[in-house]
Amino acid sequence: MRAGFAIAAMVFGASSATAQGATCQIPPDLESTVNAGGEYWSRLIETVIVDEPSSLAVDNSGRIWVVGRGCEASGGARIVRLSQAGEILDDHGYGQGVIARWGRVSVAADGQVWTAGFYSDFYSQPRGPEGLFVYSFTEAEPEPDRGFHESMTYNGAEALLPLEGGGMFVVQSVGSARGAEQPTGQDVEIIRFSDSLNPVWTYRSHSPGDDMARSAALTPDGEIWVVGKKSTGNPRTGIRAWIGRFDREGNPLFERFFGTGSYSASFDAVLATEDGGAWMAGAVGGLAQTVLIRVDADGEVLHEVELDLSLPSRGTNPVALGLGMQRVTGLAATPEGGVFAVGHTSDPQSGELDALLVWISSDGELIRVETFGSSGSDHARAVYMLEDGSALVAGATTNGEPVMDRRGWYGWLFRVGPNGELPSLGSAG
């Protein structure tokens, strides 16, 4: 147990799905999107549901870590580890009986695996602690050291950024402390943790309206890009898509606003580039206007890519890009210096979602758009680029059921080839 975090160590236990039996089973009559054979594969993770899994990473031994919210009624956090072939190695739940979910997982340069998320002992009388929790794992053993930082966080970590030499940055969105006499809106918060999980410093935006962090990334020199949405302080422009850059001590360097004032305006993903700039993706003019923007180190726009309505779709649903709701939630750099983006788009008539896959060149040219999934609803949430140019994509699927009639979302992980090869969806056999 680490000093300063006794509360979490006392109340946040671990359990193994292998030992206790998975509590969520795939109904046998559903269309199966599992295909564990072949080089490019698809795998259901039936113990992780809703709009999870939320993050994935690959450790120094090549194991895939997928984290999110478990399917237990209590919403316990869940970690599933898989082989490079998509075989589930182990499946662990944490925090059964409380409200908890993992938000992010990252692997530090020394091989240490870090996870961060949200925890709330909501059902206790009196109500127990709630806030951000951070765990560290060894590569070989999924039993963690743990830390707890009490705060009115909304989603737990939106970004978890390990630092060379130890410690990390955690970025989240927070609200007023419980019982505050003068409640305020949401704020962007950055916490610098030491390698012993003790807070070193905290930045909080303290804007008059609602601010929300969605993602963050480290520049090559250790500064921080944070993206999301933020109140401009002007009632005419309202909330706009926002990017901010911070130095290593959490001091704001500059911020930029994009699009018209709209509550739906937000950047949801960011990817730092080798030149100190960044790619970000989000909606700047409403849910149907998703763009990917590249900026230089000073936040000046270099490229802007809007998804083209005329591009063909793939899959069982006639998806019209841009006409229905779409969202990009994950970005990864390709070996050629371009960007691979993942998210979802919807059929404006049926309301079904398909996973959205977008390839962009280093010059900002839109190369390819694919939609992918079952005959129900599917979305992609996170992406991890492998050395050979193929990519792991984590998301969720209704596994063939219509979105309005679904009995649940199931965690979903699939591998995409370097040239856009997609796995076939069929019976697991």
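Select Gln 172 first, which lies in strand E12, residues 168-174; strands here are DSSP runs labelled E of at least two residues, numbered from the N terminus. With 0% relative accessibility, Gln 172 counts as buried, the term standing for under 20% relative accessible area, with exposed meaning over 50% and partly exposed in between, for a 1.4 Å probe and protein chains only. Show the side chains of Gln 172 and Glu 189, which are joined by a polar contact of 2.6 Å; such a contact is a pair of N or O atoms within 3.5 Å, where within protein one must be able to donate a hydrogen and the other to accept it, and residues adjacent in sequence count only if both atoms are side-chain atoms.

This is a predicted model, in which local features need pLDDT of at least 70 and side-chain atom pairs count only at pLDDT 80 or more, while totals for chains, interfaces and linings use all residues. Residues are numbered from 1 along each chain as its sequence is written, and side-chain values use heavy atoms, with hydrogens and water left out.

Stay in strand E12 and move to Ser 173, which counts as buried at 1% relative accessibility. A polar atom of the Ser 173 side chain lies 2.9 Å from the backbone nitrogen of Ala 213.

Next, select strands E15, E16, E17 and E18, which form an open antiparallel sheet in that order. Strand E15 (212-218) and strand E18 (252-258) stand at the edges with a single partner strand each, so one side of each has no neighbour in the sheet. Neighbouring strands of this sheet are turned by 20 degrees against each other on average, direction ignored, with axes taken as lines fitted to C-alpha atoms and angles between N-to-C directions running from 0 to 180 degrees. Six bridges join E15 to the antiparallel strand E16 (residues 224-231), and strands count as paired if DSSP finds at least two bridges between them. Within this pair, Ser 215 stands opposite Val 227 in E16.

Now go to Leu 197, in the loop between strand E13 (187-193) and strand E14 (199-204). Its phi is near 65 degrees, a positive value in a residue other than glycine, and Leu 197 is buried, with a relative accessible area of 1%.

Four bridges join E3 to the antiparallel strand E4 (residues 64-69), where Trp 65 is the bridge partner of Ala 57. Five residues lie between the two strands of this hairpin, in which Gly 62 takes a positive phi near 90 degrees.

Then select Phe 414 and list its contacts (heavy atoms within 4.5 Å): leaving aside neighbours within four places in sequence, they include Trp 41, Leu 357, Phe 372, Val 393 and Pro 423.

Finally, colour by pLDDT, the predictor's confidence in each residue, from 0 to 100. The protein averages a pLDDT of 76, and 67% of the residues score at least 70. Over residues 26-34 the pLDDT is below 50, and this stretch has 35 contacts in the model beyond near neighbours in sequence. Residues 309-324 also stay under 50, with 39 contacts beyond four places in sequence. Where pLDDT is low, the predicted coordinates should not be read in detail.
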